[in-house]
Amino acid sequence: MNNAHVSLLTELNQLFHEAIRSIADVDTTHLSLERPKQSNHGDYAHNGALQLAKVLKLAPREVAQKLIDALPSNALIERCDIAGPGFINIFVKQSAKQRVVHQVLHKGKEWGNTEFGHQRSLLIEFVSSNPTGPLHVGHGRGASYGDSVANILNKAGFKVSKEYYVNDAGRQMDILTVSTWLRYLALFGSTIAFPSNGYQGDYVTDMAELVKAQWAKQLYHADEFVLLNLNPPTQTEEDEAIERYMDALIARAKFLLKDHYHQLHQHVLSLQLADCKEDLKEFGVTFDEWFSEQSLYTSGAVKKVVDQLEAKGYLYQQDGAVWFKSTQFGDEKDRVVQRENGIYTYFASDIAYHANKFERGFDLLIDVWGADHHGYIPRVKAALTALGFNTERLIIPLVQFVSLYRGGEKVQMSTRKAQFVTLRELREEVGNDPARLFYVLRKSDQHLDFDLDLAKSHSNDNPVYYIQYAHARIHSVLQKWGQDIASLVDCDLSPLTLEHEFKLMQLLEDYPDTINAAARDYAPHTLAFYLKDLAAELHSYYNSQQFLVDDVTLCRARLSLILAVATVLNDGLQLLGVSAPLTM
RNA sequence: GUGCCCGUAGCUCAAUCGGAUAGAGCACCAGCCUUCUAAGCUGGGGGUUACAGGUUCGAUUCCUGUCGGGCACGCCA
């Protein structure tokens, strides 16, 4: 058979495009075939007649008849019906439906690879959490979503690079450094009260122990020197005073520790980064690049973009700070790029980061952000537009929050009190596979209610095991059969005529279209739902028919069908970062 | 207050960039293991798609308004 894959849908579309062009001189790109919901409406339906009726000034059903008459002769279509207001219902020949099994078995893991991306290059940036503490369950959703989208886009014909932006510059890192230092001092008997806006988690104390192991008492300074002329705020004091105190502590640490401060800063950073990398790696999420924010300062990239904006006349001074005229590009208000104290804002380095991404020459840039950052989008696009970049090439899908439920109750989380559930805890509680799938089972821009009990349950309620079980069942049958599965590739498929069998073939045929839809919408949940449907159809088939039957031709035909199903289940699960076990 | 997102079965969610009679799972009821894994299957009840208009052959989908929920409105990152 011809090994080059042309899908049934593509071929049928071509036939109809030819037919339409022969009766009307119109743009046919928006006219297409779809899967009808009801099987008595055919295998495919075309709505072209309804849309062309107005242009041609004819009744829709009349147009439909003309279209059918104009169809080129072919070996695919059994018959066409005109139905309802003017739909053309297409019934496909059995042989044309069956051929997909051969195609899947020939292509293997490459079945479903498409040309949607035309090999354009693309950079997807995701997670990018501050390296100031462990990843929590919200980051887990970004990780799972971003990685799945990257896999799907790769399968859809894009050249994909994955990147993590490390916010290793700025005040939050200083706060973490000081927090660690204070815990370290406490190990030597310091009684300084831990500030309420410091990082409270146990991991900070753990880092202090490591610091002590490396530096011994070299970083120690007595309380009276640390607090000289400083007044720790009381609990009732307002936020502003608490923040000022923290800034003073940071300044004091830099003064007392001198060169050691930077070393401590980098040490704390590397510990957190290593933890983060390990956590994500165990979760099946890896990156091609870990891009450092610090590097944008040391290379002068931040100053460079600010100078460029200045040269183009988009900056002005006010209240001692430097502002960017983002309102000229549709933002609600102008934004500060350089503070009164001379320090650049996070916004300034972010402009430099995005300029850098554009300059690396990618055709498409994707930023996966938490939905709470949506107000930040206009100013970033404004700055990039001002610098002359085409922001239509920057896509920013938003990922909504995650709420955990245990025993029907919402698990309370608070970042301030360090009472958040970490990604690692979640993975240990429910396992990687359920976590990966549950995260992408909802549209990304919808709030996710994550039911821990359901994710943990080893029952039919759990969609993870439901899909995996279908895969395992198939391999169990093939195991029992015991012969070489390679011999199933080109067997006679004509005995496959049952309703269940045609439904499975239809789903196999739909796999490339599912990949394209998921890629187009950056929507891995589309694939997750497809896999649930495919598993359901397999289970149903499994219960209704015996595969290892005496009729050898029938047996081999059925086995080749379920082998093709297993191939797609395995591939789809892999794209979502979920394993496909052979036995359960 | 302003901007963005959302509102679908009792619950959690789908619905192929406007398509035909809006679908699954859970929960509830009734069945199926002497047969390749019951982590499975079969059947049943359950809806004014928040509400009111508009656009057209056709609206859960697009537009306007109202009600209800979430998020964002820093010289934080």
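How far apart are the mean positions of the positive and negative charges of chain A? They are 2 Å apart, for 57 positive and 73 negative charges. Lys and Arg count as positive and Asp and Glu as negative, while His and the chain ends are not counted; each charge is placed at NZ of Lys, CZ of Arg, CG of Asp or CD of Glu.

This is a predicted model, in which local features need pLDDT of at least 70 and side-chain atom pairs count only at pLDDT 80 or more, whereas totals for chains, interfaces and linings use all residues. Residues are numbered from 1 along each chain as its sequence is written, chains are lettered from A and ligands numbered from 1 in the order in which they are written, and side-chain values use heavy atoms, with hydrogens and water left out.

**View 1. Chain A as a whole.** Here we have 21 helices and 17 strands, counted as DSSP runs from the N terminus (H or I of at least four residues for helices, E of at least two for strands). The C-alpha trace spans about 90 × 60 × 40 Å along its principal axes. Of the 584 residues, 51% count as buried, that is, under 20% relative accessible area with a 1.4 Å probe, protein chains only.

**View 2. The largest nonpolar core.** A nonpolar core is a set of buried Ala, Val, Leu, Ile, Met, Phe, Trp, Tyr and Cys residues joined through side-chain atoms within 4.5 Å. This one has 124 residues, and Trp 181, Leu 426 and Phe 450 touch the most other members. Helix 21 (residues 552-575) gives the largest share, 13 residues.

**View 3. Around Trp 181.** Setting aside neighbours within four places in sequence, Trp 181 has contacts (heavy atoms within 4.5 Å) that include Leu 219, His 221, Val 226 and Leu 264.

**View 4. Domain 1 meets domain 2.** Domain 1 covers 8-92. Five residues of domain 1 are in contact with four residues of domain 2.

**View 5. Ser 128 in its loop.** Look for Ser 128 between strand 5 (121-125) and helix 5 (137-155). Ser 128 is buried, with a relative accessible area of 14%. Not counting residues up to four places away in sequence, Ser 128 touches Tyr 164, Tyr 165 and Asn 167.

How values were computed. Buried means under 20% relative accessible area, exposed over 50%, partly exposed in between (1.4 Å probe, protein chains only). Domain bounds come from an automatic or database domain assignment.
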